[in-house]
Amino acid sequence: MSYEKIDEYMLDKYPKKVYRKRAKSVLPNDPAEPGEIQANVRTIPGIITQRGCTYAGCKGVILGPTRDIVNITHGPIGCGFYSWLTRRNQTRPESDKAENFIPYCFSTDMQDSNIVFGGEAKLKEAIQEAYDMFHPKAIAVFSTCPVGLIGDDVHAASKEMKAKFGDCNVFGFSCEGYKGVSQSAGHHIANNQIFKHVVGLDDTRSDSKFRVNLLGEYNIGGDGFVIDELFERCGIEIVSTFSGNSTIGAFENSHTADLNLIMCHRSINYVADMMEKKYGIPWLKVNFIGTEATSKSLRRLGEYFEDEELIAKIEAVIVEEEVKVKAELDLIKPNTKGKTTMLFVGASRAHHYQELFNELGMETLAAGYEFAHRDDYEGRRVIPNIKVDADSRNIEELHIEKDEAKYSQKLQDKKAALEAKGVEFSDYDGIMVEMEKGSLVIDDISHYEMEKLIDMYKPSIFCAGIKEKFAVQKMGIPLKQLHSYDYGGPYAGYKGAVNFYKDIDRMVNTKVWSLIKAPWATGAAMNASFVKVS
């Protein structure tokens with residue numbers, strides 16, 4: 001992709017000040033020498049962005065998929081409604097009678113009088129009402145923008161109610177929507193509070209030989225269920241998943257695992273770092289999106305535990321599943337080979353899903369994240385060089401110390417021995433080193449830039465979210481949602497890979513998109529002109 005063409009056709013149309021800012025977030029890729037990209041900076045006012053707010057990241061992404069925590073939005077009802085079941089997080093309670101609050105929407109529904117005179121009394125009433133009705137194990141309280149502006153102290157209210165109940169963990173989040181650059185700030189705030197108030201409360205340890213946590217897997221469309229099944233077949237226990245299909249009890253027990261596996265590094269890498277510092281648990285980056293990626297990640301587990309029986313089971317699962325996947329791929333790939341895609345979605349999804357498109361023989365023309373930081377593009381090695389700005393200082397940095405009673409020196413010794421053999425821990429490459437030379441990398445793409453890219457390159461499919469879906473489809477290009485999967489999925493693991501192959505084949509080869517004409521292209525649109533009034 002020619003950067004000069006992009007500059008002339010897309011960026012150069014901006015006012016000079018906007019041009020200077022946006023040009024730093026648009027790069028032609030060179031995997032051998034990844035350039036420095038501007039990321040995690042505030043969206044330019046007036047530009048239509050893909051991003052969500054800090055509250056969305058905290059409540060919707062991190063806490064939303066946990067089934068037995070009552071999540072109360074302290075704020076206007078609109079914020080609560082928007083974050084209610086807008087992602088297809090699935091869960092499996094132990095029985096029909098087990099707690100599952102995911103289908104509910106809890107809100108204090110603040111009114112004008114609460115904004116003027118304060119809403120803490122109403123919040124305490126809401127917490128009490130939720131406790132009386134459900135007697136949950138935990139209640140989480142989320143601040144929205146008005147709460148931050150009027151100064152309601154959700155932490156003090158939560159602490160007071162927790163002391164009053166005695167058998168219910170109540171904790172708050174200062175996750176006002178404006179607090180950070182994007183939803184990424186909300187992820188960080190949420191994980192900090194989970195770490196402070198929940199992790200480490202239950203020291204019970206099962207007899208399983210191989211115990212791991214899966215961090216950054218949200219069970220969209222059932223992805224987590226597929227991974228659970230794979231691990232079960234191999235004989236590996238998942239102590240806790242952050243946060244898909246999760247429970248408060250699993251969070252409390254998560255510090256007893258022998259290894260942390262990170263799927264979405266953007267949303268949760270700091271939890272892995274904190275757990276290693278406090279409890280000595282090493283972490284590895286893994287990816288279960290794509291056949292080759294899944295096999296590679298499973299083998300990394302075998303390499304870590306160094307158990308011959310486990311390695312044999314893993315290899316048996318890989319052989320069995322890869323044969324089935326290959327049979328499906330051989331049928332589908334001739335239909336998809338040579339097609340093109342663009343991916344602009346959150347966190348690691350724009351990165352991981354390129355594995356699946358590569359397997360289909362499709363080329364990724366352009367990709368980028370909604371709420372990334374530079375390390376998501378350039379790799380973890382640049383973290384020490386990332387300048388800490390005022391927005392980052394809004395987020396609390398926890399001071400973590402070793403827990404002498406619960407810290408595992410044995411796990412750290414194991415890590416050191418494996419590192420001596422060449423096993424890499426605590427690291428991940430950014431998206432740039434895995435994309436083709438000349439492809440385009442764009443952070444926080446705007447609606448205008450998206451339309452220009454589609455107009456120039458006519459990709460076979462565009463991957464984004466619900467906010468872009470219908471605008472793109474009206475341009476005659478199929479759009480695959482990778483935040484919620486539309487009605488498809490799961491797409492993780494081998495089973496998910498086959499589902500994805502079939503869905504993409506249908507989408508890029510149907511003729512219906514060529515029949516779509518935008519309303520303004522049919523001549524039926526109303527035209528108007530300005531009238532000068534004297």
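The model is predicted, so local features are described where pLDDT is at least 70 and side-chain atom pairs where it is 80 or more, whereas totals for chains, interfaces and linings use all residues. Residues are numbered from 1 along each chain as its sequence is written, and side-chain values use heavy atoms, with hydrogens and water left out.

**Stop 1: helix 3**

Select residues 54-63, which form helix 3. Helices (H or I, at least four residues) and strands (E, at least two) are DSSP runs numbered from the N terminus. Helix 3 is mostly covered, as 10 of its 10 residues are buried, where buried means under 20% relative accessible area, exposed means over 50%, and partly exposed lies in between (1.4 Å probe, protein chains only). Among the buried residues you will find Tyr55, Cys58, Lys59 and Leu63.

**Stop 2**

Next select Arg22, which is found in helix 2 (residues 16-23). Is Arg22 buried or exposed? With a relative accessible area of 6%, Arg22 is buried. Not counting residues up to four places away in sequence, Arg22 touches several others, including Leu11, Tyr14, Ile44, Ile442, Asp444 and Glu449; a contact here means heavy atoms within 4.5 Å.

A salt bridge is a side-chain nitrogen of Lys or Arg within 4 Å of a carboxyl oxygen of Asp or Glu. Glu449 counts as buried because its relative accessibility is 0%.

**Stop 3**

A search of the whole structure finds 30 salt bridges, and a few others deserve a selection of their own. Select Arg299 and Glu315, whose side chains meet in a salt bridge of 2.8 Å, N to O. Arg299 lies in helix 13 and Glu315 in helix 14 (residues 308-336), so this pair ties together parts that are 16 residues apart in sequence. Arg299 counts as partly exposed at 39% relative accessibility, and Glu315 counts as partly exposed at 28%.

Then select Asp455 and Lys458, which form a salt bridge with their closest N and O atoms 3.6 Å apart. Finally, select Arg233, Glu320, Glu321 and Lys324 together, as these residues are linked in a network of salt bridges.

**Stop 4: Ile289**

Select Ile289, which lies in the loop between strand 9 (283-285) and helix 13 (291-305). Ile289 is buried, with a relative accessible area of 4%. Leaving aside neighbours within four places in sequence, Ile289 is in contact with residues that include Asp223, Met263, His352, Tyr353 and Tyr491. If you also select Phe106, 183 residues apart from Ile289 along the chain, the C-alpha atoms of the two are separated by 33 Å.

**Stop 5**

Most residues other than glycine have a negative phi, and most peptide bonds are trans. With that in mind, select Phe242 and Ser243, which are joined by a cis peptide bond with omega of about 5°; Ser243 has its place in strand 7 (residues 237-243). A cis peptide bond also joins Gly489 and Pro490, with omega of about -5°, and Pro490 is found in the loop between strand 14 (479-481) and helix 21 (493-509).

Which value does phi take at Asp444? Phi of Asp444 is near 50°, a positive value in a residue other than glycine, and Asp444 lies in the loop between strand 12 and helix 19. Tyr485 likewise has a positive phi, near 70°; Tyr485 lies in the loop between strand 14 and helix 21 and is buried, with a relative accessible area of 0%.
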